[in-house]
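Please examine the sequence and the model shown here before reading on.

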Amino acid sequence: MTGTALDLFAGRVRDSWGALTSELIDTCSAHLAELLRAPQTEAWLADLCLERPESRELYRDPVHGFVLLAHTEAEGRYRVPHDHGESWVIYGVLHGEMEMGTYDRFEEKGEGTRLVKRGSPRVRPGDVQVYLPGDIHDTRCVSGPAIQFRFTARDLRLDTRMVRYADAGGVWVASA
């Protein structure tokens, strides 16, 4: 198979696509990690690194619907805790460093949903981080600008089950 690293990534993921399993997550994670090692002399990657767009769609599979996006995050940029609804996502960092906090959700009678932070792993160039359906996380760019890839099982704009959370006096609650 010939083509750019992006073409190879899309073809390899397409060839291995199927139901959500540990094997599929491992395979897609490995393919994304390999894409992060692509030569920056490839035109698509050189343009991405030069232009640093806030968001750019790199690939959308016409049959399976998975999507690969690139995001540039300014140092200090924070995205509140959220899940990805029924979808799953794999982040990969190309440049910079991201902190990705993970949370558990608890229902307290009379008080609604609360989040408790479990940890905040640092995701560095070449690293990938997986979030399965229902997993809650936030992101903060701690060294930037950071360029990260976000691989999703489907177009997240179409998922009405995604939940974002808001800080209500030091307690994270589901936002309307």
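The model is a predicted one, in which local features need pLDDT of at least 70 and side-chain atom pairs count only at pLDDT 80 or more, while totals for chains, interfaces and linings use all residues. Residues are numbered from 1 along each chain as its sequence is written, and side-chain values use heavy atoms, with hydrogens and water left out.

Strand β9 covers residues 136-152; helices (H or I, at least four residues) and strands (E, at least two) are DSSP runs, numbered from the N terminus. Of its 17 residues, 12 are buried, so β9 is largely enclosed by the rest of the structure. Buried here means under 20% relative accessible area, exposed means over 50%, and partly exposed lies in between (1.4 Å probe, protein chains only).

Which strands are joined to β9 by bridges? Two strands count as paired if DSSP finds at least two bridges between them. Strand β2 (residues 67-73) runs antiparallel to β9 and is joined to it by seven bridges; within this pairing, A70 has F149 as its bridge partner. Strand β4 (residues 89-99) is also antiparallel to β9, with nine bridges, and here G92 stands opposite F149. Three bridges link β9 to the antiparallel strand β3 (residues 78-82), where Y78 faces R140. Two bridges connect β9 to β5 (residues 102-108), again antiparallel, and Y103 is partnered with I136.

β9 also contributes to the largest pocket: β1 (55-60), β2, β3 and β9 each supply at least two residues of its lining. The volume of this pocket is about 380 Å³. Of the 21 lining residues, L69, H71, R150, L156 and R164 are the closest to its centre. On a 1 Å grid over the protein atoms alone, a pocket is an open set of points where a 1.4 Å probe fits, with protein on both sides within 12 Å along at least five of seven lines; lining residues have an atom within 4 Å of a point. Grid points are joined across faces, edges and corners, and the volume is the space filled by probe spheres set on the points. The lining has five nonpolar, seven polar and nine charged residues.

Two backbone features remain. The peptide bond from G144 to P145 is cis, with omega near 10 degrees, and P145 is in strand β9. R52, in the loop between α3 (43-51) and β1, has a positive phi near 50 degrees. Most residues other than glycine have a negative phi, and most peptide bonds are trans.

Conventions:
Nonpolar A, V, L, I, M, F, W, Y, C, P; charged D, E, K, R; others polar.
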